[in-house]
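Subject: Structure handover

Hello,

Here is the structure I promised to pass on. Please open it first, then read the notes below it.

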Amino acid sequence: MKHYLTLLSHEIRMLLVSPSTYVAATAFLAFMGFIFTEILSHYSKSPQELSPTHVFFELFWLPVFFMVPLLTMKCLAEERRLGTIETLLTTPVTTTEVVLGKYTAAYLLYVGLWGSTGGFFYILKRFSGDARFLDPGPLIGGYLFIGISGLLFIAIGVFASSLSRNQAVAGIIAFTLLFGLIIGMRSLGEATWLAQGGMASLRDAVDYAQIFTHRDDFTRGVVDTRHLLFYLSGTVLALIFSILGVEAKLLHS
Amino acid sequence: MSDPAAPAIEVSHLVKTFGGVTAVSDISFNVARGEIVGFLGPNGAGKSTTMRILTGYLPATSGSVKILGLPVASRPDEVKRRIGYMPENNPLPEEMRVSEYMYFRGRLKEVPRRILGPRIDEVLEVCDLKRVRHKLIGQLSKGYRQRVGIAEAILAEPPVIIMDEPTIGLDPHQILIVRDLIAGLRGRMTVIISSHILPEIEVTCDRVLIINQGRVVAQGTPGDLRRDIFGHSTYELDVAGPLATLPALLSGIEPTLRVDQQQEPRADGFTHLTLHTGREDDLGEALVRELLAHGFRVRSLTRVHPTLEDLFLAATRRSWDVVAPPSPREHPA
């Protein structure tokens, strides 16, 4: 792990000097700002049961579907396409260090982008002067959920990037995997055929992997260690597969 | 630690197959410390694959590779600390500046921070890159990019340097610079370079390895190879006189000396002849004396030195004969 910090600082530096990072950040904030304003205008028309914070985090999947593939599709696919992975792996660095460095940099950017949406709530509080809009419980819970689920989502994106040398293919794989995990698991959870006798244990597993339920728990202020374990173990698994993905490509290149 | 007496590179019975296709089949060779070795072969001969296995980037299917006595397969980390590698096509990150890239690579190669700055200055100076050190690599011309790759390979002063076609795409002036650069490493570092530019190899390298279809077909100094592959010397002669008596006269000088090719006599009476002999030492003087003594007029006599190009062609063609079914007509080589 000697070179992890060298690789990480290199990756962050590359992100900071690259104009595309700022373009992505601006577009992301514009998009999230649009959602936020829509929610607020909806609230101004008629009274609602839930706080705007709650609804805002309810829509987390929308940015996840496009931001995560875009942020991660480049990381390993580009290295392989340019051949720089060869110069990288012939220095005394291990594949694990390379994958972890890229993963951490992408995760920090993801969290940073989400963190900047905190400004919306500040602006709302400042100009409405009404503390009711800023419910600290759901806010903290929501950001905690974003931070922890982001670990897994970014790891899935990195894994997709390790599978292909083509960025577009990597992006589509990442999108499909995330879609399957978030939406696919929800529709599986609603499927009636799973509720039948022999499938009961499978049903339990599907129920455990309901990301929407996790989100509800987090925004209600319930931090369940089972949820943490789900995301952490998923992250570790996805990263191990990414490392294997890079090494398998070397064996068969 | 590495064994101080072990050769720099030791390859024995190396085999690499990709999904049933044999890229490298049973290659064995040694490279002594401080030696500069040229690695020649036609496209697809297995040069790049062999080099990648040497660096530990690709695993071998069978056989063993040792760098400074360290087996690459079981101790890749220690081997990677001792090599500088410049891959084929020299991949570089486009969006970094030259000095940034050098710093990053130096840190990855575990050059201590304290000496990294002066070392980068030194390497940029040696490779004539000082003027472009703050430029983006993506904006550099091919020649500069090649030199960035070479600078990067020698940055950490590794004892073994492996370069895959370092002079490809350079103009003659830059080739000269790279040649001097590599020659400057002689004795301090072991260098193995592959190239298509044969005169380059001949000038810079102590020894040449020619591989074809995954096999070593010839190895040795360019002089040794000439003897091994051609096994004879060739003379070119412009004479006028009683040509019918020539064969007898020639075998009087040296039994293996014979006329190989004879052109039609020209209008001025001179004929161009090509002579072959198995003798290595120069027969020129004896030849001129005998010819003059027997009434020939000699206008020119040249001993032909086969270039590395001829060697390369002969060696790769010879291996083709070995691999392909024997043709009815044997090649003279």
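**Helix packing in chain A**

α1(A) crosses α6(A) in a right-handed sense. Please keep in mind that this is a predicted model.

Start with that pair. Helix α1 of chain A covers residues 4–17. Its axis and that of α6(A) lie 8 Å apart, at an angle of about 40°. That makes the two helices, α1(A) and α6(A), oblique. On α1(A), the contact is made by A:Tyr4, A:Leu7, A:Leu8, A:Glu11, A:Ile12 and A:Leu15. On α6(A), the contact residues include A:Val98, A:Leu100, A:Gly101, A:Ala105, A:Leu108 and A:Leu109. A:Glu97, A:Lys102 and A:Thr104 of α6(A) are also among them. By class, the contact of α1(A) with α6(A) has ten nonpolar, two polar and three charged residues.

Now follow α6(A) to its contact with α8(A). Helix α6 spans residues 95–116 of chain A, and helix α8 spans residues 136–163 of chain A. The axes of α6(A) and α8(A) are 9 Å apart, and the angle is about 135°. α6(A) and α8(A) are therefore oblique to each other. The crossing of α6(A) with α8(A) is right-handed. From α6(A), the contact takes A:Val99, A:Lys102, A:Tyr103, A:Ala106, A:Tyr107, A:Tyr110, A:Val111 and A:Trp114. From α8(A), the residues include A:Ile146, A:Leu151, A:Ile154, A:Ala155 and A:Val158. The glycines A:Gly147, A:Gly150 and A:Gly157 of α8(A) are there too. Twelve residues of the contact of α6(A) with α8(A) are nonpolar, three are polar and one is charged.

Move to chain B. Four strands form an open sheet there, in the order β2-β1-β4-β5, with antiparallel pairing. Its edge strands are β2 (21–31) and β5 (70–71) of chain B, and each pairs on one side only. Strand β1 of chain B runs over residues 9–18 and pairs with β2(B) through seven bridges. For a landmark, look for B:Leu14, which stands opposite B:Ile27 in β2(B).

A helix lies over part of this region. Helix α1 of chain B, residues 47–55, lies across β1, β2 and β4 (62–67) of chain B. α1(B) runs at about 120° to β1(B).

**Domains of chain B**

How is chain B divided by the domain assignment? Domain 1 takes 9–220 and domain 2 takes 221–333. Over C-alpha atoms, the centres of domain 1 and domain 2 of chain B are 39 Å apart. Domain 1 of chain B gives 16 residues to the contact, and domain 2 of chain B gives 14 residues. On the domain 1 side, α7 (198–204), β9 (207–212) and β10 (215–220) of chain B each give two or more residues. That side has nine nonpolar, three polar and four charged residues.

**Where the chains touch**

Last, the contact between the chains. Chain B supplies 19 residues and chain A supplies 17 residues. On the chain B side, α2 (76–80) and α3 (98–108) give two or more residues. α3(B) has the largest share of that side, with three residues. By class, the chain B side has nine nonpolar, three polar and seven charged residues.

Best wishes

Technical notes. Residues are numbered from 1 along each chain as its sequence is written. Chains are lettered from A and ligands numbered from 1 in the order in which they are written. This is a predicted model: local features need pLDDT of at least 70, side-chain atom pairs count only at pLDDT 80 or more; totals for chains, interfaces and linings use all residues. Two residues are in contact if their C-beta atoms, placed from the backbone, lie within 7 Å. Ala, Val, Leu, Ile, Met, Phe, Trp, Tyr, Cys and Pro count as nonpolar, Asp, Glu, Lys and Arg as charged, and the others, Gly among them, as polar. Axes are lines fitted to C-alpha atoms, for helices over the stretch in contact, and angles run from 0 to 180 degrees between N-to-C directions. Angles under 35 degrees count as roughly parallel, over 145 as roughly antiparallel, 65 to 115 as roughly perpendicular and the rest as oblique. A crossing is left-handed if the near helix is turned anticlockwise from the far one by less than a right angle, and right-handed if clockwise. Two strands pair if DSSP finds at least two bridges between them. Domain bounds come from an automatic or database domain assignment.
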